[in-house]
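Please look over the sequence and the 3D structure below. The briefing that follows takes them topic by topic.

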Amino acid sequence: MNLRIDLLRELASAKHAMALTGAGISAESGVPTFRGADGLWSRLNPQELASFDAFLRNPDLVTEWYNHRREIANHAVPNGGHLALVQMETLFPDFTLVTQNIDNLHRRAGSKNVVELHGNIERNYCIECGKRYDGDAFEENESFKCPACGGLVRPDIVWFGEMLPADEWKRAEFAARKAEVIFVVGTSAVVYPAAELPVTVKQNGGKIIEVNIEATPLSSIADATLQGPASEILSDIVKQLMELQGIA
Ligand code: NAD
Ligand code: ZN
């Protein structure tokens, strides 16, 4: 890792900090990203499955896909990257973790102040009466009908063409307006409006620290781009911040 010492010192004294995470932070836990060469994702086109139209057209197939993803997520164990972000909550007086992931791994790792921009695969609801169900309600490979009204039950996640949950977006934007630093981790930074958050931070005078195994469209405006696996780099940052803050 290679963070300039003046930048590190600035980070160590920040009062308001945040992170924006994407699928890459869960890759080391075995949860495939969209872009990775995993078999499932090369056979199925997420854009054709992750929409309300697709769900209505073929609820069994779409549900099977999400049952599969839920199973992967449930069996995955949070990695050092998730854990480093839990520690960050204790290093900054105000720390908001905004994620685009639906895999629930940040909460399972122990992060408290989590904003889930794209929902959470563990939450589901009936499209007719709104009744809520947790992930256990699904039987493998079957679409699940609401016992209360017979309506189809869908995951509480944001599909293509759908709005982000308004409250979550407000919390994310509020955090971005006051953040002195944003860590952008494991996201290709192309999905809007999430990709706007680092720009908002920068426009308000904050710093962008990007952590990714490769360059992204954000790299050109980032104050530092740290290339490598999120678990390693984030653990290093936490260690160095603790040393600077005299905690270690
Ligand atoms: P993406 O798949 O488009 O990009 C993943 C990014 O992570 C890439 O830039 C890649 O270089 C980087 N990366 C891969 N391994 C990494 C590692 N070990 N350390 C650091 N970086 C690593 O994902 P996205 O940007 O999150 O956007 C796509 C959409 O996919 C989001 O809306 C998200 O909801 C959804 N998605 C979520 C999950 C999940 O919940 N885990 C999984 C797949 C897709
Ligand atoms: Zn119902």
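**Zinc site**

The four donor atoms around the zinc ion (ligand 2) subtend angles of 96 to 115 degrees, so the arrangement is tetrahedral (four donors count as tetrahedral if all angles lie between 85 and 135 degrees). This is a predicted model, in which local features need pLDDT of at least 70 and side-chain atom pairs pLDDT 80 or more, while totals for chains, interfaces and linings use all residues. Residues are numbered from 1 along each chain, chains are lettered from A and ligands numbered from 1 in the order written, and side-chain values use heavy atoms, without hydrogens and water.

- The zinc ion (ligand 2) is coordinated at 2.3 Å by the SG atoms of Cys 126, Cys 129, Cys 146 and Cys 149.
- Along the chain, the donors of the zinc ion (ligand 2) have the spacing C-x2-C-x16-C-x2-C.
- Cys 126 is buried at 1% relative accessibility, whereas Cys 129 is partly exposed at 44% (buried is under 20%, exposed over 50%, partly exposed in between, with a 1.4 Å probe and protein chains only).

**Ligand 1**

- An oxygen atom of ligand 1 is 2.4 Å from a polar backbone atom of Gln 100.
- A polar side-chain atom of His 118 lies 2.7 Å from an oxygen atom of ligand 1.
- The protein buries 93% of the 850 Å² that ligand 1 exposes when taken alone.

**Asn 101**

- Asn 101 is buried, with a relative accessible area of 8%.
- The side chain of Asn 101 reaches the backbone oxygen of Gly 22 at 3.0 Å.

Technical notes: Polar contact = N/O pair within 3.5 Å; in protein donor to acceptor, adjacent residues only side chain to side chain. Donors = N, O, S within 2.8 Å, 3.2 Å for Na, K, Ca; no water. Tetrahedral: all angles 85-135°; square planar, octahedral: opposite > 155°, others 65-115°. Areas by Shrake-Rupley, 256 points an atom, 1.4 Å probe, with all protein chains shown as cover.
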